[in-house]
Amino acid sequence: AEYMGIIIERTYCQDMALEQKMKEKYAEDLKDIEDIEELNLDGLMTIKEISESDKKFLEQFSNLVALSMNTLGLTSTKNFPHIPSLSMLDINDNKIAGDLDLIAVNQQLKRIDMENNLIADIKQIEHFAKLPELRRLALAGCPIALEKDYREKIFKLLSSLEILDGQDKQGKEVIEDEESDEEDEDDEDNEDNEEGEDNLPENEEDESEEEESDAGEIAVPKKRPAGKEEEESEDESEEEEENSEEEPPKKSKKQSLLRNNHYATN
C-alpha cells in the first residue's frame, strides 16, 4: 500500500507538471487567460506527452492564435489541445513520429512548423489534408524530407499548401517578414471594404426615399423652426462631450506570453 501511494503521488506530480510550471513562470500574466493570443512553452521542461489535465488547462486559452512547444522532448501528440482559434503551431526539435491527426483537429491552422522530429511516413501528413487553411508547413530535419520527390508529394497531397520548408512550389525562398506583411495588407483591405459598405452617405438614403414618393407628387423636406437647428447642434455637441468623458479608454485585448519567438512583434 505504501509503495502504491508513492507511485500515485509521483504520477500526480508528473500529471500536473506543465500547468504548475507555467503558473510559476507566468503567474501574473495568466490572470486573464482567455485574452492571451500567443503562448511560448519552448524548453519549459521535459515531457514525453501532454497529460489530460494539462490538455484541459491549455484549452482554457480560448483565444490563442500562436502556440510554441519547441524542445520539450515530446514523443507523442497524445492529449494535444483542441483550440478552435489556433492558427500557428511551432513544435520543432521534439521526437514526434506519428498521431498527427490529433493536431489536425485544430481546423484553423494556417502554419505548422515540425522541423527536426521523427516523421518518416507520408501517410501521417495526409491528416493535414483536412486543414483547409494550411498555407505553410516545415518538416526539414525529419526523415520524410529525405525521400525522393518529397516536395512534389507534399504539395500534391496538400492542395492549400503554398510554402514548404521556407520555399514556394517553384523552389523560391520566401522571407517570412514579407509573407506576414502581405497577409496583414490583405486583412486591412478586407476591413476597409467592409467599413465602406457599412458607412454609406446619408444623402443617398434621403434621395432614395424621395424617389419612392407617389407619381406626380414632389417630396418637400420639412422646414424646422428658426433657431431649432442651432439648438439641436448645441445639444448634440454637449452629448458627445459627456460621452467622451464617461467612456474609459479601451484596453487592448491581445496579450502575449511569447518570448524570443518569431511570432512575437516589436
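**View 1. Asn-40 in strand E1 of the predicted model.** Asn-40 lies within strand E1, which spans residues 36-40. The model shown here and in the following views is predicted. With a relative accessible area of 7%, Asn-40 is buried, because it falls under the limit of 20%. The side chain of Asn-40 reaches the backbone nitrogen of Asp-42 at a distance of 2.8 Å.

**View 2. The buried and exposed residues of helix H5.** Helix H5 comprises residues 150-157, and its buried residues are Tyr-150, Ile-154 and Phe-155. These three cover an arc of only 120° around the axis and are therefore placed on the same side of H5. Glu-152 and Lys-156, on the other side of H5, are exposed.

**View 3. The elements that cover helix H5.** The buried residues of H5 are covered by elements that include helix H4 (122-125). Strand E5 (136-138) and strand E6 (163-164) are also among the elements covering these residues.

**View 4. The aromatic pair Phe-57 and Phe-61.** One aromatic pair is found in a search of the whole structure. Phe-57 and Phe-61 form this pair, with an edge-to-face arrangement. Their rings are 5.7 Å apart, centre to centre, and the angle between the planes is 90°; the pair counts as edge-to-face because the angle is over 60 degrees. Phe-57 is buried, its relative accessible area being 5%. Phe-61 likewise counts as buried, at 0% relative accessibility.

Key: Residues numbered from 1 in each chain as written. Predicted model: local features only at pLDDT ≥ 70, side-chain atom pairs only at ≥ 80, totals over all residues. Heavy atoms only, no water. Helix = DSSP H or I, 4+ residues; strand = E, 2+ residues; numbered from the N terminus. Buried < 20%, exposed > 50% of the residue type's maximum accessible area, 1.4 Å probe, protein only. Polar contact = N/O pair within 3.5 Å; in protein donor to acceptor, adjacent residues only side chain to side chain. Arc of directions from axis to C-beta. Contact = heavy atoms within 4.5 Å. Phe/Tyr/Trp six-rings, centres within 6.5 Å; stacked < 30°, edge-to-face > 60°.
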